[in-house]
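Hi,

Here is the structure I promised to pass on. Have a look at it first, and my notes follow below.

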Amino acid sequence: MAIDPQPGAGLPAGGPDASFPSAPDGVSSDRGPWYLAYKRFIRNKLAVAFLGLFILIVVFVLAAPLWADHVAHTGPNQSHTLEKLRVGGEVREVVTPEGRPIGPQWFEAGGKFFLGADSRLGRDEMVRLMYGGRTSLFIGVISGLITTLVAVILGLLAGYYRGWVDAVIARILDVLWSLPVLLFGIALGVSLAVGGLKIGPIEIEGGSIWIPIFVISIFTVPYVARPIRGEVLSLGEKEFVEAAVAQGAGPLRVMFGEILPNLASTIIVFFTLNIANNMLFEAALSFLGAGVQAPNSSWGTMISVGQELLTTQPLLAIIPGVMIMLTVLSLNIVGDGLRDALDPRSKVRLEAHSGMVEPEGVSV
């Protein structure tokens, strides 16, 4: 089955190697490829809507100190086991003598225990949800940055130098790729949570959130480095690289001045998707006790605490689970939208492979 691009089909105007299409209708073609990619992205209403949702989630977790100080009047780790609330003339115990925490109070108690208490300790669930989201997002973003940085360096070195450099890096990535990631992550996370980590001048205490960041970063590098290595191998055959070498450019200038800028769109997409994957990884580690350690909270640890009261207080596990789902879903959809905007041929290639045709301007 062959697909012939027609005018307006969104295919590259500069031949099969072009990275961006011709300008959309009503957009000047001299604005540059990044502006054209921006216009393509904002035309994707689903991606824009979920970008807005992700921004709302970020604002929600960043507002944690405001809610804690001015509404709930408590901290994320402050216990209220013996405290009582007066709601509409009725006295309610935060934690009953049987150890059952209070349920959601919404705005009946002036914002206190909006989502109830989390356990026998009587900590405010809403406050912990907001602070836990800050931890989960922080781990996802920082580990995503570390993973992307290491993966780009390894991919550039392996794809440019090839030979024994490529062989060594590729085998290391293959070993990490073949490991049962979750099992090794749990084993490494538990051992480091107990004894901490010391590498030369770098020393991390056992309960630090940098432990799960380190574990996640190690095991997610191959998922980014291998595709980047493949793109570097392809770009290394292009004329602009040969021209730079012929003009006397050294390896560093070729890799970081010629090849790396052409990987920008790929890196952006991988970074976005990597944040979502790393958040899921952190939630799994924290749920199993190998991630974020008490008294710190993340959405994964909140699910772990909530599952003990799943039959009596199901919201304690459902709400952080829904927050993880919405965050990961929004990042994945935004990542797909960025991929379509920055590499408009990707959708056409996928549909051609599956026997489908892009509905606008592509004929079979």
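Of the contacts in the protein chain between residues at least 6 apart in sequence, 67% join residues at least 24 apart (contact means heavy atoms within 4.5 Å). Please keep in mind that this is a predicted model, so local features need pLDDT of at least 70 and side-chain atom pairs count only at pLDDT 80 or more, while totals for chains, interfaces and linings use all residues. Residues are numbered from 1 along each chain as its sequence is written, and side-chain values use heavy atoms, with hydrogens and water left out.

The protein chain has 13 helices and six strands (DSSP runs numbered from the N terminus: H or I of at least four residues for helices, E of at least two for strands). Of its 364 residues, 44% are buried (buried is under 20% relative accessible area, exposed is over 50%, partly exposed is in between, with a 1.4 Å probe and protein chains only).

Now the inside. The largest nonpolar core has 25 residues, and Trp67, Leu115, Met126, Leu129, Met279, Trp299 and Leu331 have the most contacts within it (such a core is a set of buried Ala, Val, Leu, Ile, Met, Phe, Trp, Tyr and Cys residues joined through side-chain atoms within 4.5 Å). Two or more residues each come from helix 2 (45–62), helix 3 (64–72), helix 4, helix 10, helix 11 (299–306) and helix 12 (315–342). There is also a second, separate core of 21 residues, with Val165, Ile169, Val221 and Ile267 among them.

Thr272 sits in helix 10 (residues 264–287) and counts as buried because its relative accessible area is 10%. Leaving aside neighbours within four places in sequence, Thr272 is in contact with Leu331, Val334, Gly335 and Leu338.

Trp106 belongs to the loop between strand 3 (90–93) and helix 4 (125–161), and Trp106 is classed as partly exposed because its relative accessibility is 42%.

Finally, Glu93 is in strand 3 and is partly exposed at 33% relative accessibility. Glu93 contacts Glu83, Lys84 and Ile102, again leaving aside neighbours within four places in sequence.

Cheers
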